[in-house]
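This briefing is for a reader who has not seen this structure before. The sequence and the model come first, and the notes follow by topic.

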Amino acid sequence: MKQKIAVLGPGSWGTALAQTLAENGHDVRIWGNVPEQITEINTYHTNKHYLPELHLPESIIGFTELAEAVKEVDAVLFVVPTKAIRAVAQELLQHLTTKPVIIHASKGLEQDTHKRISEVIAEEIPEEKRQSIVVLSGPSHAEEVAVHDITTITAASIDQKAATYVQELFMNDYFRIYTNNDVIGVETGAALKNIIAIGAGAIHGLGFGDNAKAAIMTRGLAEISRLGVAMGANPLTFIGLSGVGDLIVTCTSVHSRNWRAGHMLGEGQKLDQILENMGMIVEGVSTTKAAVELAEQLGVEMPITQTIYQVLYQGKDIKQAAKEIMLRDGKMENEFQ
C-alpha cells in the first residue's frame, strides 16, 4: 500500500533511505533546513554534497518548511544528528496533522542525559500524538544502499505490528529488513559501535595490521555487550545485525566517517582539524563522552572506550594509549568485567 512518508534530514543516510522508499512506490518528502540543498533536490534531483553520483527519483519532493513536509503523513523518519533529535521532535509536535508511526535511523546517545534516541522522541512526542516508535538500524553505508548493493538491517520496536509495518515499507530485492523487539540492544549497538570504529581507524592509522583490528573489534564488542546488558538489552542482540554486523561494517570501511576520523587521529592529525574538514557529523566523538559517563554511572568497565575518551577529550598521546591498554592486568576472556 502506498504510504506518505516525511524524511527529516537530507544527509547521506536520509537521502539513501528516501530513495529506497520512493523506489518502493511511496510518496516521499524530504525536509532540511538548508535552502540551497532542498532547491538542488527539487531542481536537479541530486544531493551532491553527500552522494555526488546519485540521481534521485523525481517523485521525491524537498521542503524547508516542516509543517508542509509532514502534512497528512503516515510515517515520519528521523535521520538527523543525535544532538538535533530533541529540538526537531519538539518542532514536529507543533505541526502534526495525523498520528504517524515514528521511525528513527540515527545512531547515538544524547549528551548529559545519556538517553537513547527513542527515549528522547517519546519524551517530546506523547503517545496521543503518534503511533509506535520504530528503530531502523544495522550494517549499512548510504553510499552502497544508493547503488542498490545488498543490505540487511533491523526494524526494532516493542510493537511488533509497527516493526512489521516498517519492514514492509522498506523491503525490496536489495534492501532486506528483519524485525526485533529489543529496542535497547539495537539502539545501544548502533551508538557504541561508532566509538570502536574510531579506535579501529586509529589502529590502522598507527600502522598496525589485521591482528590488532580483530582485537579491537572483538574486545570492543565485549564492551558494547556489557554496557547494553546493564541497560537492559538482550545479549543475543549483540551477535546480530545491530551488534557485530554494524560493528564490522563501521570498523572496516573507508565509507565510515568514524573510521576515517580515527585513522586521521592515528596519523597524527588534531581532532579539531579532523572534525572541521570532515563536512559531516562524527557521532562517535560525542557518543564516547556519553558512554564513559554512563558506564561510570552503571559500574561497567569499558577500557577501550575509556582510552578513546582520553585521546579525544584529554589530549592523551595515541601511541602511548595503545601501549598502555596492552599492558593492563591479565584477565580471563569470558570475565564479564
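An open sheet of eight strands runs in the order β3-β2-β1-β4-β5-β6-β7-β8, and its pairing is mixed. At its edges stand β3 (61-63) and β8, each with a single partner strand, so one side of each has no neighbour in the sheet. Direction ignored, neighbouring strands of this sheet are turned by 25° against each other on average. The model is predicted, so local features need pLDDT of at least 70 and side-chain atom pairs count only at pLDDT 80 or more, while totals for chains, interfaces and linings use all residues. Residues are numbered from 1 along each chain as its sequence is written, and side-chain values use heavy atoms, with hydrogens and water left out.

**Strands and their pairing**

- Helices (H or I, at least four residues) and strands (E, at least two) are DSSP runs, numbered from the N terminus. Two strands pair if DSSP finds at least two bridges between them.
- Strand β1 (residues 4-8) and strand β2 (residues 27-31) run parallel and are joined by five bridges. K4 has D27 in β2 as its bridge partner.
- Strand β7 (residues 151-156) pairs with strand β8 (residues 175-180) in the parallel sense, over six bridges. Opposite I153 stands I177 in β8.
- Together with helix α7 (residues 160-170), β7 and β8 make a right-handed β-α-β unit. Right-handed here means that, with the strands pointing away from the viewer, the path from the first strand over the helix to the second runs clockwise.

- Two packed helices are described by the angle between their axes and the distance between the axes. Axes are lines fitted to C-alpha atoms, for helices over the stretch in contact, and angles run from 0 to 180 degrees between N-to-C directions.
- Angles under 35 degrees count as roughly parallel, over 145 as roughly antiparallel, 65 to 115 as roughly perpendicular and the rest as oblique. A crossing is left-handed if the near helix is turned anticlockwise from the far one by less than a right angle, and right-handed if clockwise. Contact means heavy atoms within 4.5 Å.
- Helix α8 (residues 183-205) packs against helix α9 (residues 210-231) at an angle of about 150°, with the axes 9 Å apart. That makes α8 roughly antiparallel to α9, and their crossing is right-handed. Residues of α8 including I184, L192 and I203 meet residues of α9, among them A212, M217 and M231.
- α8 and helix α10 (residues 241-251) pack at about 30°, and their axes are 9 Å apart. The two are therefore roughly parallel to each other, with a right-handed crossing. On the α8 side the meeting residues include V186, A190 and N194, and on the α10 side they include S242, D246 and C251.
- With helix α14 (residues 303-314), α8 packs at an angle of about 70°, the axes being 10 Å apart. That makes α8 roughly perpendicular to α14, and α8 passes α14 in a left-handed crossing. I195, I196, I198 and G199 of α8 make the contact with I304, T305, I308 and L312 of α14.

**Helix against sheet**

- α10 lies across β6 (133-137), β7 and β8, and runs at about 145° to β7.

**Annotated domains**

- UniProt positions are given in the numbering used here, feature names are shortened, and annotations may be inferred rather than shown by experiment.
- An unreviewed UniProt entry places "domain: Glycerol-3-phosphate dehydrogenase NAD-dependent N-terminal" at residues 4-162. Over residues 4-162 the chain is 31% helix and 20% strand, and the end C-alpha atoms are 16 Å apart.
- The UniProt feature "domain: Glycerol-3-phosphate dehydrogenase NAD-dependent C-terminal", also from an unreviewed entry, is at residues 182-322. Residues 182-322 are 76% helix and 0% strand, and their end C-alpha atoms lie 34 Å apart.
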